[in-house]
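User: I am new to this structure and would like a close look at a single part of it. Could you take me through it in a friendly way?

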Amino acid sequence: MKYYSLRVRPIGLLAITGLLALTSSAFRVADTEPVTRLVALMQRFYVQARPEVSYLHLDQPAYAAGETLWFKAYVVDAQAHRPDSLSKVLYVDMMSPEQKIVFRRTLALRGGLSEGDIVLPDTLTQGVYTLRAYTSWMRNAGQELFFSRRIPVWQAVPPAAGETNASRTAAQARKIAKALQASAQPDVQFFPEGGDYVAGLQTMVGVKIVDATGHCLALRGVVLNDRDKEVTTFTTPTLGMSSFTLTPEPGRRYRAHVVLPDGSSADYPLPEVQSTGWVLNVREIGANYQVYVRHKGPATGTTAGGEALRVLAHVRGVPVYIGEGHINSGETFTASIPKAKLPAGIVHVTLFDAQGTAQAQRLAFAPEIQGLRVTLQPDKTAYGPRQEVKLAVEVRTATGEPVPAELSLAVANVAGLPELGSSTSTIQSHLLLTSDLRGYVENPDYYFRNNTAATRRALDDLLLTQGWSHFVWSTLFTDTSPIATYDFPQEQALTISGQLVRPNGKPVPNGPLTVLEKKGRSVTESNANAAGYFLFTGFTGRDTAQVLVQARTEKGGSNVLIRLNELWPAPQPAWPVPFLPPATNPAPEVAAYGQRSRQQQVLERQYRPDTTSGMVLSNVTISGQRAPIQDPRSIHSNASNVLRFQDIPNAASYNNIFELIQGRVPGVQVFNSGGGYRMLVRGIGSLMNSTDPLYLIDGMPVSSNEALLSIPPATVERVEVLKGSDAAIYGVRGSNGVLAVYTKRGSDSNNQAISGVVVRRLPAFYRTREFYAPRYATAASSKPDPRATTLYWQPKVSVPASGRTTVRFYTADQGGAFRASVEGVSAGGKPAMGETQLLVSMQQ
């Protein structure tokens, strides 16, 4: 176990190298100090903050209650997208439609990779659940940057007669009705391109319309000024986003009159028009992104020679354009950024004024021009039951060069469940798009399926209405490190971190800390830093661990509270998820899938004692004895002797604890020496040498027995003496025995917090189950093969430097079409995806 003080400190600024500056007729390439500083600040953020991106590849997009959700986890660095080995702990949560965490997984990352599963009980309530994945380090940037995906879970088999929970069905119906009512008044937002409307300057305005669950709506509206004069009209397509041009007039106010889904209408105000300011427009024209900058200054006080400006464009911290110039009112300056030279992903174009203040920002998207080509080639066109499938997997560049990659493979029945309410996402759409945006993006995979004019327009409208995620420029223009305020560590192992504070919330500087791990029998001592922050790491995660953290003030006082950082952050308020229709009368495709799934679950339970099925057994009674409640201040389970002061007559009349103990504990001798006291546990030694036991007060070690003299016996609850093997948990310090004093103030029978003491139960790393995939030497077997939904799942498909590997598995007893798909990332950080279909015929 290791200890570190928080907060996180700067780690140095990487030298600026490889800067790509693209010239244009309007801007000159700038190497002056202000522009260099902008780039340095941006690169300092990526070097020090080291942002990470997480992603989960699932075996299916939707599930029936009782099935197992299989997933592969990828964690990459946010800049180059290479598999990340910085964080080595990943947390995966599954939240109910009510945003309550119902399943948790703590995973050990190996080179940024891990895998896991979640058994969905057959009693799980039908609805749209949310799966999220994050590291401790990612929490510093907020939950909006966690990987998040909506997962529909269906009760695919209707309840039998007499089993319908009428109250639950009625409650669900009320929720659906309430959600539909709320969606009748959608959320309509308007986003001026770059940030502001400036009077007299034409600009593009993005519009986004969503219902109460975040689902985009196709509606129409008209924009009116404050004189009820129609200015323009707009219509949002299915994805709920569109844009229109507007030249706002000085002093005018604008509103949108929108026709709602129920036929009624409502008015929504547009942002206020500014009399002065900047306008930044970015357009995709041919092979370039054209940048247009205009400025309107005050009528008086115009700067001679025009206003100075600077433009910086980058993709994930890689500069692709820097330039500066001057502009006068009424002028338009342009710059060209060739698309062919850009890394794939979101292009951030930021306009700065002469003082270095960011005045406008616009996002564009650079597509993957040289993406990977992943092919899956089965060895046959069709297969019979229980036949071997040899699936060749090949990963190459666009020019045919082989590429090593880490992939995961899912083979699932094409006849799956409806994906109603799900948020389809792939590793490509997440790495290149949604991981760089805040907020919920509906159906992000849509923007990558077909490269059409309509798709590119829809993607541009998305970027027009959703902002950048990683940093705000104003926070970087300081000498303070961008991570100086980070609360959460970059975990190399499970950690315990937090802050020492007083009851009034003020920090306790430099307070001594002791961490005692019960099972590992380890004790670690250190101090918090000047702001009261602390971090202990090195917990192995091989098994669950109960850890006691004790603290004092710098002067040894007990008036201190320990605020531990929670391992699992509580879900933040978000868009409510959409409701699935009641499970009492499922749709035909849901019922058909449910029959296959339930038959599979029954066979798994019958023929596989180690089944991963989520079927819940009924009428099971478990009985046993209640385990004794342990004091959270103690890490030892057993004491050799316990002296309870409530059992001692007139205990409060004694002068100190030593007088009260004397003669009452077998094997313990107490000596009065020159006004002080010495204690010997089991045995007589030289009083000139250190033979004192280890003294503990409420589980906290003290340097000498003088601290015990200050404790009135009336405030003591009990004294425990540990000898021999019972004291071994305290290591060398317990070799002379242990005397543990527990005060009455520490009694937590009412479950209240104890000053200076807190207990944290650390989880063990999750050990994922192995997917059931039998290998048949012959087709004959007495046991049925129940794989009807997910035929095969393999989270570890490593493609070597040759760019080619082969995956072998067997078909089952079910016929039909199965979709085989792989997802993953190459060693160079490029997303890898491919798919094919397998046909299993029962006629062979």
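User: Is Glu717 buried, partly exposed or exposed, and what is its relative accessible area?

Analyst: Glu717 is partly exposed, with a relative accessible area of 24%. Here buried means under 20% relative accessible area, exposed means over 50%, and partly exposed lies in between (1.4 Å probe, protein chains only). Before going on, please note that this is a predicted model, in which local features need pLDDT of at least 70 and side-chain atom pairs count only at pLDDT 80 or more, while totals for chains, interfaces and linings use all residues. Residues are numbered from 1 along each chain as its sequence is written, and side-chain values use heavy atoms, with hydrogens and water left out.

Glu717 forms a salt bridge with Arg718, and their closest N and O atoms are 2.5 Å apart. A salt bridge is a side-chain nitrogen of Lys or Arg within 4 Å of a carboxyl oxygen of Asp or Glu. Arg718 counts as buried, at 6% relative accessibility. Arg718 also has its charged end over the ring of Tyr742, 4.0 Å from the ring centre. For a charge to sit over a ring, NZ of Lys or CZ of Arg must be within 6 Å of the ring centre and within 35 degrees of the ring normal. Arg105 is placed over a ring too: it lies over the face of Tyr766, at 4.3 Å from the ring centre.

Now for the setting of this salt bridge. The structure holds 27 salt bridges. One of them joins Asp785 and Arg787, with the closest N and O atoms 2.8 Å apart. Asp785 is buried at 1% relative accessibility, and Arg787 is buried at 2%. Another salt bridge brings together the side chains of Glu835 and Arg819, at 2.7 Å from N to O. Glu835 lies in strand 46 (residues 831-840) and Arg819 in strand 45 (residues 816-826), so this pair ties together parts that are 16 residues apart in sequence. Strands (E, at least two residues) and helices (H or I, at least four) are DSSP runs, numbered from the N terminus. Arg819 is partly exposed, at 38% relative accessibility. Salt bridges also link Glu193, Arg283, Arg362 and Asp460 in a network.

Stepping back to the whole chain, there are eight helices and 46 strands. Buried residues make up 52% of its 844 residues.
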